[in-house]
Amino acid sequence: ISEELRRAQEEWEAVEEIQSGLGGTSASAAPPISFNEALQYFQTADLSECRKKVRATARRQGLAALVRFLFGPPRLQPQLQGERELALAMAQCGLDDNERVHMRILQTIYKKLTCSRLGCPRYGVHWEELGFQGADPGTDLRGTGMLGLMQMLYFVMDSQTLPLAQEIFKLSQHETQASAIMLILLQNFPFCIMSVNITRIVIQALREERLSRECNRRQQVIAVLNDLYAAAFLQLYRVWKWQHKTVVDSSFLLKELELSTKKKPKQLLKSLEAYVNRSPMADGLQQPSSPSASGGGGSQPGEEIHFTGVCDLQVELEGEPRLI
C-alpha cells in the first residue's frame, strides 16, 4: 500500500470515529462484547437494589396453590435458585449511560444487526430503524431491563443463532406486493420491540416455574432462558413469514406464543435444535399450519391492533397474562 493511500485510510478512519461518537467518546473505539463477558460483568456487579425488587415465583393462593402443589411442575433445585435470581435481577436493571458495559452491549447489537463496523450515537432515529419505539432504547426496556438486551446480545453473538437473527431482522423490514388484489402487504414489524415481548414471555414462564424441569435437567437457568427465547423467536418468524402475517396480527400471535412457551417449552427447544442442526425436522417445520384452520381465533380484517411498548403499561407479571 502506498504511503499516500495509507494516509488517506487513516484520515477516513478518523472521520468515522468522529461521526460515530457516543456521548463525547468514540463508539467505534469500544470493541464488541461477547455474551459471556457481559454475563460475567453482571455476576460481579452490585445488583442489590435490583434484587430487592425480585419476586422469584408467581404468587398463588387458595385452590390454585393446592393444585400447583399437587399437579404442578417440579420446583427449581436449590443450587440453581441463585442463577434464577440473577436473571430476574437483570430484568430489574435499567439501561445506564454511565455503565460502559451497557453501552457496549447496545453498540454490539446495533453493529451485528446492521452489519456495520461503525458505532452510532446513544440517541437517535437509527434506533427506530432497529425496531425500538423512539430515539432512546432504554424507554422500551421497562419490565425486561437489561435481560431484554442480554437476550438480543446472545441472539446476535452466538454463531448458531446469528443467521436466524439476521433473517428475522431482514423480514422485520420487508415489504411484499400482492399484485392479485393490488394491495401492499407489509410484513415489517418492530424487531426490538418484538424481542422485548418475547423476553417478557420467557420471564413469566420462569416465574411460573414452567421451565424448572428443563433447568434441573441441564443444571442451567440462563442458558435455558436464552435457548427458549431463540426458539420462541424462531416459531414467531416461521408463522409470520409463511402465513404472511402483519403487525395487525401481532397481538394474537404473541398470545399464542405465550401459551406455547408456557405449555410446550420442550417442543419449542427441540424445534430450535433441529433448525440449528439443519435436520429434516427443521424443513418440516418451515410452514406451520394456520391457527385459524384449527379453530383458533385471530384478528378480524380491518381490526387495528396497536403495537404497544413496555414503557406504556404498568407491567404486572402476576395473574392474567398481558400482551405488551
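Student: How many residues of α10 are buried?
Tutor: Helix α10 runs over residues 191-207, where helices are DSSP runs of H or I with at least four residues, strands are runs of E with at least two, and both are numbered from the N terminus. Buried means under 20% relative accessible area, exposed over 50%, and partly exposed in between, with a 1.4 Å probe and protein chains only. α10 is mostly covered, and the count of buried residues is 17 of its 17.

Student: What kind of model is this, and what do its values leave out?
Tutor: The model is predicted, so local features need pLDDT of at least 70 and side-chain atom pairs pLDDT 80 or more, while totals for chains, interfaces and linings use all residues. Residues are numbered from 1 along each chain as its sequence is written, and side-chain values use heavy atoms, leaving out hydrogens and water.

Student: Which residue with a positive phi follows α10?
Tutor: Most residues other than glycine have a negative phi. After α10 comes a residue with phi near 65 degrees, and that residue is E209.

Student: How many helices and strands does the protein chain have?
Tutor: Of its 324 residues, 46% count as buried. Among contacts (heavy atoms within 4.5 Å) with a separation of 6 or more, 73% are between residues 24 or more positions apart. The chain has 15 helices and four strands.

Student: Which helices do the buried residues of α8 pack against?
Tutor: α8 is mostly covered, with 12 of its 13 residues buried. Its 13 residues (145-157) should span 18 Å, and the end C-alpha atoms are 19 Å apart, which agrees. The buried residues of α8 pack against α2, α5, α6, α9, α10 and α12.

Student: Which residues does L153 touch, beyond four places away in sequence?
Tutor: L153 lies in helix α8 and is buried, because its relative accessible area is 0%. Its C-alpha atom is 10.0 Å from that of N36, 117 residues away along the chain. Leaving out residues up to four places away in sequence, L153 touches I33, S34, F35, A38, I105, T108 and I109.

Student: How many aromatic pairs are there?
Tutor: A pair of aromatic rings is described by the distance of the centres and the angle of the planes. Rings of Phe, Tyr and Trp (its six-membered ring) pair if their centres lie within 6.5 Å; planes under 30 degrees apart are stacked, over 60 edge-to-face and the rest tilted. The count comes to 10 aromatic pairs.

Student: Why is the pair of Y41 and F42 classed as it is, and what is the class?
Tutor: Y41 and F42 are both buried. Their ring centres are 5.0 Å apart and their planes stand at 75 degrees, so the pair is edge-to-face.

Student: Which residues form the cluster that includes F169 and F191?
Tutor: The rings of F169 and F191 have centres 5.6 Å apart and planes at 90 degrees, so this pair is edge-to-face. The pair links distant parts of the chain, with F169 in helix α9 and F191 in helix α10, 22 residues apart. F169 is buried because its relative accessibility is 8%, and F191 is buried because its value is 2%. Ring pairs form a cluster of F155, F169, F191, Y229 and F233.

Student: How many disulfides does a search of the whole structure find?
Tutor: A disulfide is a pair of cysteine sulfur atoms within 2.5 Å. C115 is exposed because its relative accessibility is 61%, whereas C215 is buried because its value is 0%. The number of disulfides found in the whole structure is zero.

Notes. Expected span 1.5 Å × (residues − 1).
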